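These are my notebook entries on one protein chain. I record what I looked up, entry by entry.

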Amino acid sequence: MSEASDSLFGSVLDPMERISETLFGLIMALTFICSLGIATGTNINLKTMLIGALGCNLAWGIVDGGLYLLGRINSRGGKLRMLHAVRQAPDSETAHSVIADALPPELAAVLPAQQLEAIRQKLQRLPETSSGPKLTKRDWIGALGLCLLSFLSTFPVVIPFLFLSDARLALRVSYAVAIIMLFCCGYVFGIQSGLRPWAAGLAMVAVGGALVGIAVALGG
């Protein structure tokens, strides 16, 4: 993706969402290419391979974008339910318990009652809303970003089929590109997660290869 589009979607999707979607798209494309390569043997049709891999990931991207929107609605609805529970609590202690349950356990464990009470009072002062959870422009941009990430992650893997006339060679080069991409995703994952980047990259290659192998063994 270009720097501008990366900046646009990067402000909506967190790094792990982008890494995960790239991995999903890559594994989907690999699974399709491996399955078709095994099924056709030496009679690989480059056009079929290309169109199939791109179409597979486009379909997955659309589905994943829809699931992302459902997740955003569910998350926003949960926050509204928490707000209503705080406002309808019979006493401040019950409201504090509701707020603490909505926070990460590590944070809730160290917050004193005064802080919980301050949060309760701020929530009480929020304007009433009678409408349910709604999708925002940011949500739609996030869904589009996921769809594009899934689709675009296919291109490096299918590029060999565009420039190499030998289908078997193109297939081997495609596998090599996929291994490099898996390693890069794992490397970035290691940086984001506080792990050793090189070890995380190698582990991602092993895990990705195993997942593709399982998918192909079970019928693709």
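**Entry 1: helix α7**

I began with the length of helix α7, which covers residues 137-152. At 1.5 Å a residue, its 16 residues should span 22 Å, and the end C-alpha atoms are 22 Å apart, so the two values agree. The expected span is 1.5 Å times one less than the number of residues in the helix. Helices are DSSP runs of H or I with at least four residues, numbered from the N terminus.

I note that the model is predicted: local features need pLDDT of at least 70, side-chain atom pairs count only at pLDDT 80 or more, and totals for chains, interfaces and linings use all residues. Residues are numbered from 1 along each chain as its sequence is written, and side-chain values use heavy atoms, with hydrogens and water left out.

I then looked up which residues of α7 are buried. They are Asp139, Gly142, Ala143, Gly145, Leu146, Cys147, Leu149 and Ser150. Buried means under 20% relative accessible area, exposed means over 50%, and partly exposed lies in between (1.4 Å probe, protein chains only).

**Entry 2: salt bridges**

I counted a salt bridge where a side-chain nitrogen of Lys or Arg is within 4 Å of a carboxyl oxygen of Asp or Glu. By this rule the count is three.

Asp139 meets Arg72 in a salt bridge, at 3.2 Å from N to O. This pair links distant parts of the chain, since Asp139 is in helix α7 and Arg72 is in helix α3, 67 residues apart. Asp139 also forms a salt bridge with Arg76, where the closest N and O atoms are 2.7 Å apart. Arg76 too lies in helix α3, 63 residues from Asp139.

How accessible are these partners? Asp139 has a relative accessible area of 1% and is therefore buried. Arg72, at 28%, counts as partly exposed, and Arg76, at 22%, is partly exposed.

I next recorded the salt bridge between the side chains of Glu117 and Arg120, at 2.6 Å from N to O. Both residues lie in helix α6, three residues apart, which is about one turn of the helix. Glu117 and Arg120 are both buried. Salt bridges that share partners join Arg72, Arg76 and Asp139 into one network.

**Entry 3: Gln114**

I looked up Gln114, which is placed in helix α6 (residues 113-125). Is Gln114 buried or exposed? Its relative accessible area is 60%, so Gln114 is exposed. Gln114 and His96 are 18 residues apart in sequence, and their C-alpha atoms are 9.8 Å apart in space.

**Entry 4: nonpolar cores**

I took a nonpolar core to be a set of buried Ala, Val, Leu, Ile, Met, Phe, Trp, Tyr and Cys residues joined through side-chain atoms within 4.5 Å. The largest core has 18 residues, and Leu23, Leu26, Ile33, Val157, Val158 and Phe161 touch the most other members. Helices α2 (15-40), α3 (46-87), α8 (155-163) and α9 (167-193) each supply at least two residues of this core. Helix α9 gives the most, with six residues.

Which residues does Val158 touch, not counting those up to four places away in sequence? Val158 touches Ile33, Leu50, Ala53 and Leu54, where contact means heavy atoms within 4.5 Å. A second, separate core has eight residues, among them Leu83, Val86, Ala89 and Leu123.

**Entry 5: helix α8**

In α8, I found Val157, Val158, Pro160 and Phe161 to be buried. Seen down the axis of α8, its buried residues fall within an arc of 130°, so they line one face of the helix. The arc is that of the directions from the helix axis to the C-beta atoms.
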